[in-house]
Amino acid sequence: MKAVYNRIKETVFQIIEPSKGNLASKIVDLIIIVLIVANTVIVIAETFDLPEGVSKAMGIFEGISVIIFTVEYLLRVWTSDLLHPEMNPLKARLKYVFSFMAIVDLVAILPFYLPLVFPIDLRIIRIMRVVRLFRIFKINRYTNALRIIALVFKNKSAQLVSSVFVVGLLLVIASVLMYNIEAEAQPDAFSNAFETMWWAVSTLTTVGYGDVYPITVAGKMLSTVIAFLGIGLVAVPTGIITAGFTEIVTEEEKAKKAKEAQALQQNQTDCKSYCPYCGHKLD
């Protein structure tokens, strides 16, 4: 009986894990991706004034989708001990439940169930329904491209945090300086350093909305300096991410070539074990 249970569990694990790559797994992956995209479209469509029949049909479709997502989540929790075989089942399940993707899965389905269990204010329900957009992050599990993006951000997190910190520091300095320069000339536009930060953001990112701008000579000079600094500083995170992509692509190409070389060597070794004329294995 236990052997049958373990076999069923292993089969389920092979199907729901995207990395396994068998036909059933690919079909399940495709279904989940279609549901995620469709639910994201529904969230956007709900912002329009739709006929009652269309809204009702979308509600039914979303309910079916949530049930499927719930079953998927529970199956992943159930088979998580196979994902972490080095741990005991309880620790493996706890590790999975608190992993990023598991939290995304849970947050994606909670807004559907909470109003059924707890009496919640309608305004809170409307806010919670926006959380359904978290379902789109589930695609990260099923697509290699998003996996690479996540890996780049993970590998370059220290450099990205450092660059963002420098940009944030420059924003604060620019805001305080501009407030002291322009507050007297434009008390409404530059009422405090926090309000001035909107100007700093639009200038440092070189967007320049033009709704708030300096009129004093010193303010214009400072604005020019901040704009030039923004061209270089805002591009730093882009360069870090680009370098991260290059490193990952290079590593994957090296791994692919090493695997091909290993397979070729193994094939040559196997050929030497057989007679090239009769095909029989040599002693």
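Which residues in helix 3 are buried? They are M58, E62, G63, S65, V66, F69, T70, E72, Y73, R76 and V77, where buried means under 20% relative accessible area, exposed means over 50% and partly exposed is in between (1.4 Å probe, protein chains only). Before going on, some ground rules: this is a predicted model, so local features need pLDDT of at least 70 and side-chain atom pairs count only at pLDDT 80 or more, while totals for chains, interfaces and linings use all residues. Residues are numbered from 1 along each chain as its sequence is written, and side-chain values use heavy atoms, with hydrogens and water left out.

**Two helices and their lengths**

Helices here are DSSP runs (H or I, at least four residues), numbered from the N terminus.

Helix 9 has its own buried set: L160, S163, V167, L170, L171, A174, S175, M178 and E182. A handy thing to keep in mind while reading such lists is that an α-helix has 3.6 residues a turn, so residues three or four places apart point the same way.

**Helix 1 against helix 3**

Two packed helices are described by the angle between their axes and the distance between the axes. For helix 1 and helix 3, the angle is about 125° and the axes are 10 Å apart. The axes are lines fitted to C-alpha atoms over the stretch in contact, and angles run from 0 to 180 degrees between N-to-C directions. That makes the two helices oblique to each other; angles under 35 degrees count as roughly parallel, over 145 as roughly antiparallel, 65 to 115 as roughly perpendicular and the rest as oblique. On the residue level, Y5, I8, K9, V12 and I16 in helix 1 meet L75, R76 and W78 in helix 3, with contact meaning heavy atoms within 4.5 Å.

**Aromatic pairs**

Rings of Phe, Tyr and Trp (its six-membered ring) pair if their centres lie within 6.5 Å, and planes under 30 degrees apart count as stacked, over 60 as edge-to-face and the rest as tilted. The count comes to two aromatic pairs. In one of them, the rings of Y5 and W78 have centres 5.8 Å apart and planes at 65°, so the pair is edge-to-face. This pair links distant parts of the chain, with Y5 in helix 1 (residues 2-16) and W78 in helix 3 (residues 52-78), 73 residues apart. Y5 is partly exposed at 39% relative accessibility, and W78 is partly exposed at 23%.

The rings of W198 and Y209 have centres 5.3 Å apart and planes at 10°, so that pair is stacked. W198 sits in helix 10 (residues 193-204) and Y209 in the loop between helix 10 and helix 11 (217-233), 11 residues apart. W198 is partly exposed at 41%, whereas Y209 is exposed at 55%.

**Two more residues**

V97, in helix 5 (residues 89-97), is partly exposed at 25%. Leaving aside neighbours within four places in sequence, V97 is in contact with Y73, V77, A102 and I103. Q186 lies in the loop between helix 9 and helix 10 and is buried at 17%.
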